[in-house]
Amino acid sequence: GNTNTTANVYGRLDTGTGHSGCLDELTLRRSAAVADPGFETGILSTYWNDGSYGSYTMNLSNQQRSGRRCLALGAAGSAAQQIIQGLRTNTTYQLSGWIKANANTVYLGAKHFGGVETNSPLSTSTSYGKAAISFTTGKTNTSALIYVYNSAYNGTPIYADDFFLSEPLAANWQRADIGSVVLAGDSGQRGDQFVLRGSGADVGGTADACHFVYQTLTGDGRITARVLKVDPTDTNAKTGIMLRDGMTAGAAHVSLDWTSSQFVEFLMRTNNNQATGSQWTSNTVTTSPFVRLERLGSTFTASWSADGTNWSIVATRSSALPQTLNAGLFVNSHNTAQINEGVFEEVSIIPYGVNLTPALVDNSVQLSWPPSASAYELYSTASLQNPIWTPVTNTPISTNGLLLVTLPAGRSNQFFRLQTQ
């Protein structure tokens, strides 16, 4: 309805004697996404069709890139296609898929979206390669037809797996795989939601393997997100938020995640390449939690909430992590043969303001600020109308838990501010 955001989904067994029923592989189709992107439902015709080209089948003979199944194309002109509904008008989308072309030339493409049909060829040999395209919907178009198509055939079957459709990440976000993930990850946005797909053995121990979407955070601040989805690729699969000192596998970090076994888990590696400590909520969290990491100086607090208003602390720890960290979202499958798709909403990264405190002491002006803002520099200007900010060259000293600069008091106006280097 106009105001409804939830629904009950159920299976029903009618009354009877001696009857039982089973449900498995339930799928709720999301709009603006590829349905059954890894062909794991085992039934091609539910979401895909061959466009009357024929010769497409499901493959179960260990040719998949991830999971248990993949698509197989056999003859020249064979194809698989799907209509994507719920696209936004005048919006750019990115489509990718992994293809084992076996020296055939295979096209990944899109059409009927309000623009000129676009496709990209791929002709990898015996390993999977990534094909990717982008397209922009027209001013009234909310659907598109995507396809994978084999124009010729050399006698060796073609396999395709792990399709992904999203909007590109906003310009202030970056993405990367961390560590040895085995299966490369991917990420993007669907409206205000972030969608991450990643593999990796674990986030923990002395080295991590995950897919990470991030931006930098300097000084005090917090990151908050609601975790909507974590795939059950393993009982320890993780979808969560992270503050990280760099992009190496062994980098120090603070993390808070929702596991597929429905615990909120806190992780912390205080020094590079050292062991990771962990702590869990005592009870399972069965509905999509809000998670938050907050930094105040060297103190890090991890909290979760069922409603985004009332928060419970999972852990509070101290660590001398650098002032500038990578703050973002991550997914880990805890199973290098599987892809975990994590979905987030209500994502925010908020740097806290830094208080610059003035004091007049013995004909001198003393300016102080917290050491958590040591990455900031002091600047001054004589006027706030068309100001020219120049750095103050006096070196701050540390005293009474503050950084302090002492300047001679003058008769002219002078204005000061802190800004990052």
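Predicted model: local features only at pLDDT ≥ 70, side-chain atom pairs only at ≥ 80, totals over all residues.

Trainee: Which residues lie nearest the centre of the second largest pocket?

Mentor: Those are V365, L407, P408, Q414 and F416, out of 16 residues that line the second largest pocket.

Trainee: How many nonpolar, polar and charged residues does the lining of the second largest pocket have?

Mentor: Sorted by class, there are 10 nonpolar and 6 polar residues, with no charged residues.

Trainee: Now for cavities. How many cavities of 30 Å³ or more does the structure hold?

Mentor: A cavity is a space from which the probe cannot get out, whereas a pocket is open. The structure holds 1 cavity of 30 Å³ or more, and the largest cavity contains about 80 Å³ of space.

Trainee: What lines the largest cavity?

Mentor: Look for R65, S96, W98, K130, D162, F164, A184, G185, D186, R197 and I339. Strands β4 (92-100) and β9 are the elements that give two or more residues to this lining. By class, the lining of the largest cavity has 4 nonpolar, 2 polar and 5 charged residues.

Trainee: Let's turn to aromatic rings. How many aromatic pairs are there?

Mentor: We look for rings whose centres lie within 6.5 Å. By this rule there are 7 aromatic pairs. One of them joins W48 and F163, with 5.4 Å from centre to centre and 50° between the planes, which makes the pair tilted. This pair links distant parts of the chain: W48 is in the segment before β1 (56-59), F163 is in strand β9 (residues 158-166), and the two are 115 residues apart.

Trainee: Are W48 and F163 buried or exposed?

Mentor: Buried means under 20% relative accessible area. W48 is buried because its relative accessible area is 2%, and F163 counts as buried because its relative accessibility is 2%. Together, F39, W48 and F163 form one aromatic cluster.

Trainee: What sits over the ring of W311?

Mentor: For this feature, look for a charged group above a ring's face. Over the ring of W311 sits the charged end of R292, 4.2 Å from the ring centre. In another case, K111 lies over the face of Y147, at 5.7 Å from the ring centre.

Trainee: Could we follow a single residue next? Where does S303 lie, and what is S303 in contact with?

Mentor: S303 lies in strand β20 (residues 299-305). S303 is buried, because its relative accessible area is 9%. Leaving aside neighbours within four places in sequence, the contacts of S303 are L256, F290, V291, R292, W311, S312, I313 and V314.

Trainee: And what about a residue in a loop? Where does L321 lie?

Mentor: You will find L321 in the loop between β21 (311-318) and β22 (324-332). L321 counts as buried because its relative accessibility is 6%. Not counting residues up to four places away in sequence, L321 touches A252, V254, T270, R295 and F300.

Trainee: How far apart are L321 and N272 in sequence and in space?

Mentor: They are 49 residues apart in sequence and 10.0 Å apart in space, C-alpha to C-alpha.

Methods: Residues numbered from 1 in each chain as written. Heavy atoms only, no water. Helix = DSSP H or I, 4+ residues; strand = E, 2+ residues; numbered from the N terminus. Buried < 20%, exposed > 50% of the residue type's maximum accessible area, 1.4 Å probe, protein only. Contact = heavy atoms within 4.5 Å. Phe/Tyr/Trp six-rings, centres within 6.5 Å; stacked < 30°, edge-to-face > 60°. Lys NZ or Arg CZ within 6 Å of the ring centre and 35° of its normal. 1 Å grid on protein atoms, 1.4 Å probe; cavity = no way out; pocket = protein on both sides within 12 Å on 5 of 7 lines; lining within 4 Å. Points joined across faces, edges and corners; volume = space filled by probe spheres on them. Nonpolar A, V, L, I, M, F, W, Y, C, P; charged D, E, K, R; others polar.
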